[in-house]
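Trainee: I have a model open and would like to go through how its parts are arranged. Can we take it one question at a time?

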Amino acid sequence: MSDSVLDRVKQDLTDAMKAQDDVRRRALRSLRAALANKEIAKRRSGSDSSLEDQEELAVVQKQVKQRRDSIEQYEEADRDDLAQKEREEIEVLEDYLPDQLSDEELAERLDAIIDDVGATSMADMGPVMGRAMDELRGRVDGNRVREMVQDRLSD
C-alpha cells in the first residue's frame, strides 16, 4: 500500500465534501481526527509521529468497533434512526480495512494455529487467541475469533 490510510482519508474527505456526501464526510472527519490523535499521542511518547500501517488499521478497527457498540446501545433505546447512521458510517470505514476472512478461511487458520500451539482445552485459549490476533489482525473481528476458538477448544 503506497498511500497511508491517513493520506487516503484526506483525499476521500475532500472528494466527499465536493460531492456533498454527508455520511462519508462525517465518517471520514471522525477517522481523520482519530488518526491525528493517535499520531499526537505517539509523538508525546517520544516516538516518530508517523503511524505504521498496523497502527492505522488498529485505529480504523477501533472506530468500527465503537460504532458497533453504539448501534447496540441505540437499538436498546429504540433509536433506530441513530443506529442507521452508525451502520452507514461503518460501511464507509470498512473501505479502509483489508478484506475480511470468510468463516471457512477463519476456521482453517484457527485449526492450524490450534495444532501448532498444541492446544487441547479451554485452558489453552490464551496462547491461541494471542497468536490468532497477531496473525489475523485487521482481517477479522476479535469476537468472531473468540467464539470460534471457544467452540473448537470446548469439544
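Trainee: Is the crossing of H2 and H4 left-handed or right-handed?

Mentor: Keep in mind that this is a predicted model. The axes of H2 and H4 come within 9 Å, and they cross at roughly 70°. The sense of the H2 and H4 crossing is right-handed.

Trainee: Is H2 roughly parallel or roughly perpendicular to H4?

Mentor: The axes of these two helices cross at roughly 70°. An angle of 65 to 115 degrees counts as roughly perpendicular. H2 is therefore, relative to H4, roughly perpendicular.

Trainee: How many residues in the contact of H2 with H4 are charged?

Mentor: On the H2 side the contact includes Arg-24 and Arg-26, and on the H4 side it includes Lys-85, Glu-88 and Glu-89. The nonpolar residues number six, and there are no polar ones. The charged count is five.

Trainee: What is the overall fold pattern along the sequence?

Mentor: The protein chain has seven helices and zero strands. Its C-alpha atoms fill a box of roughly 55 × 45 × 25 Å along the principal axes. Read along the sequence, the pattern is α-α-α-α-α-α-α.

Trainee: Are H2 and H3 oblique or roughly antiparallel to each other?

Mentor: H2 covers residues 22-44 and H3 covers residues 53-76. They pack at about 130°, with axes 10 Å apart. Roughly antiparallel requires an angle over 145 degrees. H2 and H3 are therefore oblique.

Trainee: Which handedness does the crossing of H2 and H3 have?

Mentor: In this pair, H2 residues such as Ala-27, Leu-31 and Lys-38 are among those that meet H3 residues including Glu-55, Val-59 and Arg-67. The contact divides into six nonpolar, two polar and five charged residues. The crossing of H2 and H3 is right-handed.

Trainee: How many nonpolar residues does the contact of H3 with H4 have?

Mentor: H3 brings Val-60, Val-64, Ile-71 and Tyr-74, among others, to meet H4 residues including Leu-82, Ala-83, Ile-90 and Leu-93. The crossing of H3 and H4 is left-handed. By class, the contact has two polar residues, seven charged and, as nonpolar, eight.

Trainee: Which helix supplies the largest share of the lining of the largest pocket?

Mentor: The largest pocket has a volume of about 340 Å³. H3 and H7, the latter running over 142-153, each supply at least two lining residues. The largest share is six residues, and these come from H3.

Trainee: Which residues lie nearest the centre of the largest pocket?

Mentor: The lining has 18 residues. By class they are six nonpolar, five polar and seven charged. Nearest the centre of the largest pocket lie Gln-61, Arg-68, Val-140, Asp-141 and Gly-142.

How values were computed:
Residues numbered from 1 in each chain as written. Predicted model: local features only at pLDDT ≥ 70, side-chain atom pairs only at ≥ 80, totals over all residues. Heavy atoms only, no water. Axes fitted to C-alpha atoms, helices over the stretch in contact; angles between N-to-C directions. Helix = DSSP H or I, 4+ residues; strand = E, 2+ residues; numbered from the N terminus. Parallel < 35°, antiparallel > 145°, perpendicular 65-115°, else oblique. Left-handed = near helix turned anticlockwise from the far one by under 90°. Contact = heavy atoms within 4.5 Å. Nonpolar A, V, L, I, M, F, W, Y, C, P; charged D, E, K, R; others polar. 1 Å grid on protein atoms, 1.4 Å probe; cavity = no way out; pocket = protein on both sides within 12 Å on 5 of 7 lines; lining within 4 Å. Points joined across faces, edges and corners; volume = space filled by probe spheres on them.
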